[in-house]
Amino acid sequence: MEEAIIAAGCFWCTEAIFKRLIGVTQVEVGFTGGSLPEPTYKQVCHGQTRHAEAIRITYDPKKISYWDILEVFWRAHDPTTRNRQGEDIGEQYRSAIFYLNPEQQQIALKSKELIEQSGIFSDPIVTEILPATIFYPAKEEYHQNYYENNTDRGYCIFSIAPKINKIHNLFEEKIKPEYQNLENENRTQETL
């Protein structure tokens, strides 16, 4: 198993997206890239720590590559907005890839170069590519599996579900079978 650490806005959104990918065995939400040891959600939200809301992905490299994870990362959020994703505003919502070794660094730099050249985004990419620092899992238990435990809440309906559906549509071949029918049902309900 290998790990990847990324930040792409609200960690509830990114957790819900990446746990659906074939080869991903665990996704943990937390904080990284800041200055305060053992930060709380409240401290991070108040901008006191410089941490990003991030996820730590454990994955099987025989089933999904680091490159594939970054391919989904670029499309799962807007990497052209600094410290913002939709209505979520603040340094904790920045776009960043925290590499764990030189190979991940090189892959991250190459993938950023290719996404910039692709023309998918008209504005410049502002995603930071940084060495990983300590990853602090969110202490408050309700953050883990937030979407699955709160699908009826407004934020889940209006912010997370559309991102899940977008990734499902773009990367259907990478979605675990147990999520394919569920996502299809959600899309059907949305069109009614």
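Mentor: In α1, W12, C13, A16 and I17 meet Y155, S159, I160, K163, I164 and I167 of α6. The model is predicted: local features need pLDDT of at least 70 and side-chain atom pairs count only at pLDDT 80 or more, whereas totals for chains, interfaces and linings use all residues. Residues are numbered from 1 along each chain as its sequence is written, and side-chain values use heavy atoms, with hydrogens and water left out.

Trainee: What makes this meeting a contact, and which kinds of residue form it?

Mentor: Contact requires heavy atoms within 4.5 Å. The residues of the α1–α6 contact comprise eight nonpolar, one polar and one charged. Here Ala, Val, Leu, Ile, Met, Phe, Trp, Tyr, Cys and Pro count as nonpolar, Asp, Glu, Lys and Arg as charged, and the others, Gly among them, as polar.

Trainee: How is the packing of α1 on α6 described?

Mentor: α1 and α6 (residues 154-170) pack at about 35 degrees, with axes 9 Å apart. Axes are lines fitted to C-alpha atoms, for helices over the stretch in contact, and angles run from 0 to 180 degrees between N-to-C directions. Both helices are DSSP runs (H or I, at least four residues; strands are E, at least two), numbered from the N terminus.

Trainee: What makes a set of residues a nonpolar core, and how many residues has the largest?

Mentor: A core is a set of buried Ala, Val, Leu, Ile, Met, Phe, Trp, Tyr and Cys residues joined through side-chain atoms within 4.5 Å. The largest has 47 residues, and F18 and I57 have the most contacts inside it. Helix α3 (residues 66-76) gives the most to this core, with seven residues.

Trainee: Why are β7 and β8 called edge strands?

Mentor: The open sheet has six strands in the order β7-β6-β1-β3-β2-β8, with mixed pairing. β7 (128-131) and β8 (136-137) each have a single partner strand, so one side of each lacks a neighbour in the sheet.

Trainee: How do you know that β2 and β8 pair?

Mentor: Pairing requires at least two DSSP bridges between two strands. Two bridges join β2 (residues 24-32) to β8, and these strands run antiparallel. F31 stands opposite Y136 in β8.

Key
Buried < 20%, exposed > 50% of the residue type's maximum accessible area, 1.4 Å probe, protein only.
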